[in-house]
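Please read the points below alongside the coordinates.

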Amino acid sequence: GSLSYQRIFLVGFAGVICWLSLVINLFIPYWSFSPSFWIRSPLQALVLPLESYVPVAGSVLFWVRMALAILFSAIGIMMMIRSLQTFGFDYMTVVYLYFPEESKLQNHEIYSVLRHPMYVGVLTAGLGGMFFTFTLYSIIFLIVFILAFYIHIHFVEEKELIQRFGKSFHEYRKNVPALVARPRKIGVFLDFLLRGPNIRESTD
């Protein structure tokens, strides 16, 4: 219809490719590619793993951050897989907005926990990448990445959703967080993550 996205390629296909490439970037240990270059570079502090500044506890911090990297990466990847299983590739890349009359209301219970489950998966995987490299660069990059997501969600995507659905979406946005599940909804979140879609669906 008239309120379908006008920038479907950039918002959909290119957006997915861009976000996934940015997540992969967080896993790249730039220091290891050319130590001789970085050791002479004024930007060395950006790419040196932060535990190298505390040699006494460096090995302990290394294993702690590796454990966190594995944990958050696994949660993020699983969340993306579950989102694809639940909503399908066409919804994830907003292809259906070309044909809004063929779309249907998504009433899965995960939407009572988070407004953007796929984005949560992407950002959680990015958090895993940040812990994997654990450099000043990766921390700054992740912060900018989260801010970019927030700007896109708040000022682009949900602005158009409010135009499409009006007061009902505005109320939904007030009641359900975008990216961080409330403590009382953690059980529903874990159920979605571990058991997958089509286990329970909200009917309200």
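Predicted model: local features only at pLDDT ≥ 70, side-chain atom pairs only at ≥ 80, totals over all residues.

1. S138 touches L26, M130 and T133, leaving aside residues up to four places away in sequence; contact means heavy atoms within 4.5 Å. Residues are numbered from 1 along each chain as its sequence is written, and side-chain values use heavy atoms, without hydrogens and water.

2. S138 is placed in helix α8 (residues 136-165); helices are DSSP runs of H or I, at least four residues, numbered from the N terminus. S138 counts as buried because its relative accessibility is 1% (buried is under 20% relative accessible area, exposed over 50%, partly exposed in between, with a 1.4 Å probe and protein chains only). Its side chain reaches the backbone oxygen of T135 at 2.9 Å.

3. The structure holds 5 salt bridges (a side-chain nitrogen of Lys or Arg within 4 Å of a carboxyl oxygen of Asp or Glu). One of them joins R65 and E51 at 2.9 Å, N to O. R65 is in helix α5 and E51 in the loop between α4 and α5, so the pair ties together parts 14 residues apart in sequence. R65 is buried at 7%, as is E51 at 9%.

4. R115, E158 and R173 are linked in a network of salt bridges. E158 is buried, at 0% relative accessibility.

Definitions and conventions:
Helix = DSSP H or I, 4+ residues; strand = E, 2+ residues; numbered from the N terminus. Polar contact = N/O pair within 3.5 Å; in protein donor to acceptor, adjacent residues only side chain to side chain.
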